[in-house]
Amino acid sequence: MLTRRIIPCLDVKDGKVVKGVRFRDHVEMGDIVDLAQRYRDEGADELVFYDITASPEQRSVDRDWVARVARVIDIPFCVAGGIRSVEDARAVLHAGADKVSVNSPALERPGLIDELAGAFGVQCVVVGVDSLRDDDGEWRVRQYSGDPTRTRALARRTLAWIEEVQARGAGEIVLNCMGSDGVRAGYDLEQLCAARALCKVPMIASGGAGAVEHFHEVFRIADVDGALAASVFHSGAIAIPVLKTFLRGENIPVRP
Amino acid sequence: MENVVLIDAGGTNIGSVRYALQRLGVDAPLSSDADEIRAATHVILPGVGAAAPGMARLHDTGLVEVVRSLTQPVLGVCLGMQLLFEHSEEGDTPCLGLIPASLRRFVPGDGLRVPHMGWNSLRIDRPSPLLAGIDTSAFAYFVHSYAAPTGGWTLASCDYGSTFSAVVQHRNFFGAQFHPERSAAVGARLLQNFIGLRVPVQ
């Protein structure tokens, strides 16, 4: 039986893992390889590394740490941050990443998704979507969310963008609900359910995990394939073995 | 002493397969040289990507006949396993033709998302030295949109909508649809078992 995935997200800034609240005020959490190994040992199903400074600074992700992680880690991991071309993606994948995630560069140039899927297959191509509800009630996509001074609201509707990226070759979608990110009050179930109804590829929920019950409800209600979280894991508020035991008790299939 | 060679078929998981072997103490060179591949004790055909470019790469490097004629243990990983079959629906691609079946795409719907991505459980159908120490219900990490049917070549299977081949063997040709290099202890065990296979293959 295919299990639901628990995915710690490690935001990387200048080669260190950091975490901010609502994408701001980043605090250093530790060394990338140390944290990656810790989460692997605790039973994480997958890891995501976001180089949150790469896109706003118009540079590609620093790749030295990708190979360092790939050497020691025997679970899949995805790298995001400033991947703007097939060549950028190739370098990261050849360094040992299993998937690349594109966000801001795909908004600048949606054809990038087609190019990546054509070059590497859809299974390598994750599209990250940062989304926030506007005053008119509509969810819309945000760009450059790694840097609050450069974050831009776009006219693009989140649900329309989710349909478009699938048509272009996204093999997985990470929907980060910015309104709930970092405040630990639960995932944005309403938005995730709306996206799930349109999403035929694996979908990962991001933003808002604060308690083990939040993971249960996002799997049960929003039917996502994976749940991503950062601060609750980094701070030790939720230990992955405890979370998985709880989910198993609620009949959510998880890997031991 | 094992002399493991990774065939350079242009797949992007070459790095991670190589690192997985290094964790087992084996330094496997990457090669597209026919003589080096023939001289190896164990050959691994990795590959992430699509069937057509994967086969095109083997044709371009003149390795199609080389791979077909190998008699030492050969392990195809993910796309590398798929290429051992006759044909893939992906790009309507003729493959190496070593295992008599064709790859079909998963059909999305009814909660079945394509690609099949994540940790799924194995069912051991036939005991094999390749699967020593790996039991039914062990979890492995899969990422793929096309799958091989089960048949006489199936050592282990997996369910996703339907039942498909997760681990295969035909003569000296083995394959894993999942990624052993990313399947934690289960994957490491499979790679360790593969390196331990001796000729003639049972």
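**Entry 1: the A-B interface**

I looked up polar contacts first: between chain A and chain B of this predicted model, 16 residue pairs, both at pLDDT 80 or more, are in polar contact. A polar contact is a pair of N or O atoms within 3.5 Å; within protein, one must be able to donate a hydrogen and the other to accept it, and residues adjacent in sequence count only if both atoms are side-chain atoms. On the side of chain A that touches chain B, α2 (64-72) and α3 (86-94) each supply at least two residues. The largest share of that side, four residues, comes from α2(A). Helices (H or I, at least four residues) and strands (E, at least two) are DSSP runs, numbered from the N terminus.

I then looked up salt bridges (a side-chain nitrogen of Lys or Arg within 4 Å of a carboxyl oxygen of Asp or Glu). There are three between chain A and chain B. B:R113 forms a salt bridge with A:D223, and the closest N and O atoms are 2.5 Å apart.

For contact, meaning heavy atoms within 4.5 Å, I find 36 residues of chain A against 28 residues of chain B. The area buried between the two chains is about 2700 Å², with 56% of it from carbon and sulfur atoms. A:L2, A:D74 and A:Q123 supply 23% of the area that chain A buries against chain B, more than any other three residues. Buried area here is the accessible area (1.4 Å probe) that two parts lose on being put together, summed over both.

Conventions I kept to: residues are numbered from 1 along each chain as its sequence is written, and chains are lettered from A and ligands numbered from 1 in the order in which they are written. Local features need pLDDT of at least 70, side-chain atom pairs count only at pLDDT 80 or more, totals for chains, interfaces and linings use all residues, and side-chain values use heavy atoms, with hydrogens and water left out.

**Entry 2: strand β11 of chain A**

I checked which faces of β11(A), residues 203-206, are covered. Both are: A:M203 and A:A205 on one side are buried, as are A:I204 and A:S206 on the other. Buried means under 20% relative accessible area, exposed over 50%, partly exposed in between (1.4 Å probe, protein chains only).

Next, the neighbours of β11(A); two strands pair if DSSP finds at least two bridges between them. Strand β10(A), residues 172-177, pairs with β11(A) in the parallel sense over four bridges. β12(A), residues 226-229, runs parallel to β11(A) and is joined to it by three bridges.

β10(A), helix α7(A) (residues 189-196) and β11(A) make a right-handed β-α-β unit. β11(A), helix α8(A) (residues 212-220) and β12(A) make a right-handed unit of this kind as well. Right-handed is the label if, with the strands pointing away from the viewer, the path from the first strand over the helix to the second runs clockwise.

**Entry 3: sheets of chain B**

An open sheet of four strands has the order β6-β5-β7-β11 (chain B), with mixed pairing. β6(B) and β11(B) (146-147) are at the edges with a single partner strand each, so one side of each has no neighbour in the sheet. β7(B) and β11(B) run antiparallel over two bridges, and B:Y146 is the bridge partner of B:R105.

Eight strands form another open sheet, β2-β1-β3-β4-β14-β13-β12-β9 (chain B), also with mixed pairing. Its edge strands, β2(B) (30-31) and β9(B) (123-124), pair on one side only. Six bridges join β12(B) (154-160) to β13(B) (162-170) in the antiparallel sense; B:A156 stands opposite B:V167 there.

**Entry 4: backbone geometry and one loop residue in chain B**

Most residues other than glycine have a negative phi, and most peptide bonds are trans. B:D92 has a positive phi of about 45° although it is not a glycine. B:D92 lies in the loop between β5(B) (85-88) and β6(B) (93-94) and is exposed, at 56% relative accessible area.

B:A184 has a positive phi of about 50° and is not a glycine either. Buried or exposed, what is B:A184? B:A184 is buried, at 14%, and lies in helix α6(B) (184-196).

The peptide bond from B:V114 to B:P115 is cis, with omega near 10°. B:P115 is in the loop between β7(B) (99-105) and β8(B) (116-121).

Last, B:Q72, in the loop between α4(B) (64-68) and β4(B) (74-77), is buried with a relative accessible area of 7%. Leaving aside neighbours within four places in sequence, B:Q72 has contacts including B:I37, B:H42, B:N172 and B:V199.
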